[in-house]
Amino acid sequence: MAIYSYTFSPTGTSAKILKGILAGIIDNIDVESVYSDLTKSGIDRKSFSSDDLMIVSAPVYGGKIAPLVKQRLEGISGDGTKCIVVAVYGNRAFEKAVNDLAGWLTERGFIVCGAAAFIGEHSYSTDTTPIAKGRPTQQDLSEARAFGTAIAARLHDGTLREIDTTHLEDEESPAEFLKNFRNFVMEYQRQQTESPKRYLPEIDATRCDQCGVCTDVCPTGAISPDTLEVDPSKCIKCCACVKCCPNSARTLFTTFALPLSQNFSTPKSPRWLI
């Protein structure tokens, strides 16, 4: 048996959670483990057997699993292969992200036997508009390891079975905060209809020393290595370039940051199902 784990993790949070889960598994059973990062490219392996286990960890963007995850895994197929799906979200809601990824994998011959939703620092989080700042915490990573330990126990005794991912429920935010955010989104959509605007990461030339880190970390190749300008057709606003810049030369202004920070500041807890 082998465990194949995949993560799409532009800012590193999904990778941290996945590694925590793997640690919980590997510390408890002797199994071959193959780890792959989908952030910059897809995978070579396309088919998996019924003896394998696959784990996919990815961020949630706007209530959905990052679309690039499916692109990077395009063409994969399972043969009754067990899999675990893990969504990492910025403390607002994971919505249907887990179910969407689970359904997509099921269509390709995988059997979903575990699911989880963990919290990672939101891409739009800043010092002035903190959104799940510093997540995942050490406690989050301990929860990830505990999830891995539970998976290992099921693998050991042969009881890892298919689950219904719709039973993985999010924590409800206070009704007032949900209403505030819905009102904001409706007004935003109205304004975008009347006067569309595209917000992109901007660069402060006085801080930038052209080190090239932003170009290297961009998962879509949206940043020109020559001009450092951002291609709006490629940018997914993951904010990897913002969070990884050693000189804080990159920023992204978005009208979503403040309402997210104001209405979803209460820390949520990881949820998992197996």
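Which residue in β2 is the bridge partner of Y6? In this predicted model, the partner of Y6 in β2 is S36.

The bridge between Y6 and S36 belongs to a setting in which β1 and strand β2 (residues 32–37) pair in the parallel sense over six bridges. Together with helix α1 (residues 13–26), β1 and β2 form a β-α-β unit that is right-handed.

T7 is also located in strand β1. With a relative accessibility of 0%, T7 counts as buried, because the limit for that class is under 20%. A polar atom of the T7 side chain lies 3.2 Å from the backbone oxygen of S57. When residues up to four places away in sequence are not counted, T7 touches S14, A15, L18, Y35, S36, D37, L38, T39 and S57.

**Nonpolar cores**

The largest nonpolar core has 36 residues, and the members that touch the most others are Y6, M54, V69, L73, I76, V85 and L105. Two or more residues come from each of β1 (2–7), β4 (53–61), α2 (67–72), β7 (81–89), α3 (97–107) and β8 (110–119). Of these elements, α3 gives the most, with six residues.

The surroundings of V85 can be listed in detail. Leaving aside neighbours within four places in sequence, V85 is in contact with V56, V98, L101, A102, L105, V112, G114, A115 and A116.

**Aromatic pairs**

The count of aromatic pairs comes to twelve. One of them joins F48 and F110, whose ring centres are 5.8 Å apart with planes at 55°, so the pair is tilted. This pair links distant parts of the chain, since F48 is in strand β3 (residues 47–48) and F110 in strand β8, 62 residues apart. Both residues of the pair are buried, as the table shows.

| Residue | Relative accessible area | Class |
|---|---|---|
| F48 | 4% | buried |
| F110 | 2% | buried |

Elsewhere, ring pairs join F181, F184, Y188, F256 and F264 into a cluster.

Technical notes: Residues numbered from 1 in each chain as written. Predicted model: local features only at pLDDT ≥ 70, side-chain atom pairs only at ≥ 80, totals over all residues. Heavy atoms only, no water. Core = buried A, V, L, I, M, F, W, Y, C linked by side-chain atoms within 4.5 Å. Buried < 20%, exposed > 50% of the residue type's maximum accessible area, 1.4 Å probe, protein only. Helix = DSSP H or I, 4+ residues; strand = E, 2+ residues; numbered from the N terminus. Contact = heavy atoms within 4.5 Å. Phe/Tyr/Trp six-rings, centres within 6.5 Å; stacked < 30°, edge-to-face > 60°. Pairing = 2+ DSSP bridges. Right-handed = clockwise from strand over helix to strand, strands pointing away. Polar contact = N/O pair within 3.5 Å; in protein donor to acceptor, adjacent residues only side chain to side chain.
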